[in-house]
Amino acid sequence: DGCGATSAQHIIEALHFLDATAKFTILDLTEIVSARCRGVARDMYLGKHPLRQKMPLTVDQVRRLECMMRQTGMVFRCIIGQLLFCVHSCCRWRDSQRLKSISIESGHGETLVYADALSSKTALTAEAKTRFLPYAAIGTGISTEEWAGMWLEARQSEGLECGEFVLPSYSEKFATWLEVPMSASEATIWLRDFLHGSAGFEPNMVGSHSCKTTLLTWAGRSIKVTFSASERRLLGHHLDPNMKSVLCYSRESYTTLYAKVLGMFRLIRSGEFCPDQSAIDRVVQLADATDEQQLGVGEQADEIGASDSESSAASDDSGAELVRHGDFVEERCVSLFPSFPGVPETGLLVHSQSGLVHVVNEDDVLLCGRPTSANFKQYALIKDREHLESCRQCLRSFQSRKL
């Protein structure tokens, strides 16, 4: 009782693995693991909850993240920048933590990001784990905001380097970077925080893995700029079985591939292509395009996003649920919070998870540079205020502003 639906199947698999490796001498697994045992394990396995894939980000949500890079402070630029890198390079969050070098090239109003990572989830052999895997991304995105340059500038300002991991976990309470890598679940919480308030936002269906599947989904739905199955496999960093040469992982291959990605982005910018259209709208648009190109429904399917999600199950995305607060209190009474004297209570927000008190600046952006979200509660609604502490970055900005 209390065991998971797959526990019995895992035990049987573990016993067979141990028998094949060390060999049992006093028992025979064919007698121990009977047909009845296998049947019970199968019935238990069928009781597992169906896998719910994380949804790709919408165009408005990606554009929102890109525009946030100019509005937020250096700390949040480091986090948002890495999320955008995962979006535009089709990279898993855990793989993005293995980057060893990041560089950018700019020209003709566009920016191209190059990065090299050591090992990845798909690297299984010793040779593959000791070979650099190149990544590429359009550093101007779909909004033409040069998010990549601001990302690297923020990383340099915060003293972050590509060492054992790329982005450490961040403590809001102490306003400092920790010595452990930021996990995928923590990245999910930050992503949901940044996307709160965007159109069509469903917190439970968005996670860090949404970043990897976004560009793959858009490429599968693109009609004017078409991507073959092998190109989408390369875009998702999956080695095509009939392309065993290391050359397919070279930077030149990605340069050619991202020329198509940039072409797709320009169609999105001009409004000629919207990957967020409903299925029926895409079917009609594809049918209307038969005079210009061959109809290839099977070729344009979104199998890449689905197959990749199966291999990268949503185990990385175990972020906590968002907590919504009640209606704000509009009374203009001055707060008695000692760190921010003279600030009205309507100008203070408390983070529901960290318990830190922030000061609201203009345009719903906090003094520390962080955007507001559903994770913040109005200070006036907090009854027990003795345990509350101030956000150190907000406190520094508040004190410097008073001077």
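**Loops, a buried arginine and a helix pair**

Modeller: Threonine 144 sits in the loop between β3 (132-138) and α8. This is a predicted model.

Biologist: What is phi of threonine 144 near?

Modeller: Near 65 degrees. That is a positive value in a residue other than glycine.

Biologist: And alanine 175, what is its phi near?

Modeller: Near 50 degrees, again a positive value in a non-glycine residue.

Biologist: Where does alanine 175 lie?

Modeller: In the loop between β4 (168-171) and β5 (176-181).

Biologist: Is alanine 175 buried or exposed?

Modeller: Alanine 175 counts as buried, because its relative accessibility is 17% and the cut-off is under 20%.

Biologist: Back to α8. At what angle do α5 and α8 pack?

Modeller: About 135 degrees, with the axes 8 Å apart. Helix α5 covers residues 74-89 and α8 covers 147-157. That angle makes α5 oblique to α8.

Biologist: Is the crossing of α5 and α8 left-handed or right-handed?

Modeller: The crossing is left-handed.

Biologist: Which residues in α5 meet α8?

Modeller: From α5, Met74, Arg77, Cys78, Gly81, Gln82, Leu84, Phe85 and His88. They meet Trp147, Met150, Trp151, Glu153, Ala154, Arg155 and Ser157 in α8.

Biologist: How many nonpolar, polar and charged residues does that contact have?

Modeller: Eight nonpolar, four polar and three charged residues.

Biologist: New topic, arginine 370. Where does it lie?

Modeller: Arginine 370 is in the loop between β7 (356-359) and β8 (376-378).

Biologist: Buried or exposed, that arginine 370?

Modeller: Arginine 370 is buried, with a relative accessible area of 2%.

Biologist: What does the side chain of arginine 370 make a polar contact with?

Modeller: With the side chain of aspartate 193, at 2.2 Å.

Biologist: What else does arginine 370 touch?

Modeller: Leaving out residues up to four places away in sequence, arginine 370 touches Phe76, Glu172, Trp190, Asp193, His351, Val365 and Phe376.

Biologist: How many residues apart in sequence are arginine 370 and phenylalanine 194?

Modeller: They are 176 residues apart in sequence. In space, C-alpha to C-alpha, the separation is 8.7 Å.

Biologist: Last one, serine 390. Which strand is it found in?

Modeller: Serine 390 is in β9, residues 389-390.

Biologist: Is serine 390 buried or exposed?

Modeller: Serine 390 is buried, at 12% relative accessible area.

Biologist: And which residues does serine 390 touch?

Modeller: Phe337, Ser339, Phe340, Leu356, Val357 and Leu395, not counting residues up to four places away in sequence.

Definitions and conventions
Residues numbered from 1 in each chain as written. Predicted model: local features only at pLDDT ≥ 70, side-chain atom pairs only at ≥ 80, totals over all residues. Heavy atoms only, no water. Axes fitted to C-alpha atoms, helices over the stretch in contact; angles between N-to-C directions. Helix = DSSP H or I, 4+ residues; strand = E, 2+ residues; numbered from the N terminus. Parallel < 35°, antiparallel > 145°, perpendicular 65-115°, else oblique. Left-handed = near helix turned anticlockwise from the far one by under 90°. Contact = heavy atoms within 4.5 Å. Nonpolar A, V, L, I, M, F, W, Y, C, P; charged D, E, K, R; others polar. Buried < 20%, exposed > 50% of the residue type's maximum accessible area, 1.4 Å probe, protein only. Polar contact = N/O pair within 3.5 Å; in protein donor to acceptor, adjacent residues only side chain to side chain.
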